[in-house]
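User: I'm new to this one and would like to go through it with you. Could you take a look with me?
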There are 2 protein chains.
Amino acid sequence: MAGEGDMLVRKLASIAVITAEERDALLALPIAVREIPARQDIVRTGDKPVHCCLVMAGLAFRYKLIGDGKRQILNFHVPGDIPDLQSLHLAVMDHNLAALTPLTAGFIPHDAVHDLNARFPCLAGALWRDTLADAAVLRERIVSIGQRDGLSRTAHFMCEMFRRLAAVGLAADCAMALPITQVEIADALGMSFVHVNRMLRELRERRLITLQGQRVLVENWAELEALADFDPAYLHLEARDRPKGI
Amino acid sequence: MAGEGDMLVRKLASIAVITAEERDALLALPIAVREIPARQDIVRTGDKPVHCCLVMAGLAFRYKLIGDGKRQILNFHVPGDIPDLQSLHLAVMDHNLAALTPLTAGFIPHDAVHDLNARFPCLAGALWRDTLADAAVLRERIVSIGQRDGLSRTAHFMCEMFRRLAAVGLAADCAMALPITQVEIADALGMSFVHVNRMLRELRERRLITLQGQRVLVENWAELEALADFDPAYLHLEARDRPKGI
DNA sequence: CGACCCATTGAATATAGTCAACCCGGGTGG
DNA sequence: CCACCCGGGTTGACTATATTCAATGGGTCG
């Protein structure tokens, strides 16, 4: 039982100041926890979800398929994320949500969240902010795919994942666990998996990263970030980055 | 004086059911109207805005610059859009907002919107939904840039702009005014302007569209949409697409 | 008229995709 | 037990899509 509401409280406390009353309301949410096998869809295009999905352990990802069968991965999600929070206000899913690794997910009824939002505008604001931070990541992805070459794009992806994993305690020093195949990276970055492979080799040869199975070690942060043109501001992880008094 | 609050009421009424009380509160908002010359920045990366910008007439666009000077246009905005609504909850701008054409913009103080959100959760939900629909457009842009070839990408862009302009009465039948240069289309679609030019020619040669200065005529909707793999669902323009009772 | 922006086009080049082959490790089943 | 298969990774060779470079023409506005 421990951990369901707790995780949500921790998450929102990292976004906004939570009162005792708000905390109690969060802990009272009826969260249904489920284990989901890797690579299984959780919500699909066209669905009209009545729950939101809180990632509690493992990684998830969202993707779209196009006519000729190609897949574009939109974003990956770390514990604490609520990848389909948008379904609160956009009834019909326009993309898919799936487990990347075996996943522990908490499902929260929309009704309960709407009720919470009406009673606690600050909580609503914190959730709203979460969807906005996700959009900020999408914007930077557009920049990467649209303007950066393969090498810079790959480097940028590594920088971003490291920061996001570190923010939830899943990366430290220079190491992160990144259980993602090169095909998935390719579908996320809009390049062929062969090219991803070559760019990773190039990053290795330049002594910027090393790969150990599903672990990535960053050997040279300064050069990696410079190559990637990486500025973490868009992740909106910093407390000072939040509006005051709301 | 007419038009400032009116436009906002119309916009939100197209998203949610607005009560008389909510309508009055919207009309009481202190909106400062300003004319902005074409190509002028309105808000820049790093700014901490205290107003939101409502596009009342003309077109706007958002963009990011990267280290080597390249520009990625994230989205274009039509009248009724509030392109920087996200600044309500993300204090620091991570991109720029600029006028594409001469622009009539209404500036609404954040304080007033926060106050409104606290008093009227349904209005807050409608605004939230607006930011989510913007994110949906970003997602589809990622798919376009990541997976579609130049021709399909260009066709998709035309389909999207047509639908969005039509939704606010700026396109009808098969014609829309699209005062955008090929360089801007190129920066939005992540391709060179030379290639955009060639793809537009190809669309013309296939008799899918014709260009008349700043007007675009769609000659063959069925084929254009098929070529673009275009499904307007992601625009979330349909009323039936909205959750009920919120 | 000249400057400038935008559009257009050809030619050369480059980046990235496709095709194909091979390796490795883990799981399965004969 | 071992052969086989399969997913994931790696690499070379070839191809294609798209970029870059360069030159031109048509408007519009001081």
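User: To begin, how many residue pairs are in polar contact between chain A and chain B?
Analyst: Bearing in mind that this is a predicted model, the count between chain A and chain B is 22 residue pairs in polar contact, with both residues at pLDDT 80 or more.

User: And which element of chain A gives the most to the side that touches chain B?
Analyst: That is α4(A), with 20 residues, while β4 (60-65), β5 (71-77), α3 (110-119) and α4 (121-147) of chain A each supply at least two residues of that side. By class, the side of chain A that touches chain B has 22 nonpolar, 13 polar and 16 charged residues.

User: How many salt bridges are there across the interface of chain A and chain B?
Analyst: The rule finds 4 salt bridges there, and one of the pairs joining the chains is Lys64(A) with Glu140(B), whose closest N and O atoms are 2.3 Å apart.

User: What area is buried between chain A and chain B?
Analyst: About 4600 Å² is buried between them, and carbon and sulfur atoms give 67% of that area.

User: Switching topic, which domains does the assignment give for chain A?
Analyst: The assignment gives domain 1 (4-140) and domain 2 (149-239), and their centres, taken over C-alpha atoms, are separated by 24 Å. The contact between these two domains of chain A takes 18 residues from domain 1 and 21 residues from domain 2.

User: Which salt bridge could I look at in chain A?
Analyst: You could look at Arg39(A) and Glu184(A), which form a salt bridge with their closest N and O atoms 2.6 Å apart; across the interface of domain 1 and domain 2 of chain A, the rule finds 3 salt bridges.

Technical notes. Residues numbered from 1 in each chain as written. Chains lettered and ligands numbered in written order. Predicted model: local features only at pLDDT ≥ 70, side-chain atom pairs only at ≥ 80, totals over all residues. Heavy atoms only, no water. Buried area = accessible area lost by both parts, 1.4 Å probe. Salt bridge = Lys/Arg side-chain N within 4 Å of Asp/Glu carboxyl O. Polar contact = N/O pair within 3.5 Å; in protein donor to acceptor, adjacent residues only side chain to side chain. Helix = DSSP H or I, 4+ residues; strand = E, 2+ residues; numbered from the N terminus. Nonpolar A, V, L, I, M, F, W, Y, C, P; charged D, E, K, R; others polar. Domains from an automatic or database assignment. Contact = heavy atoms within 4.5 Å.
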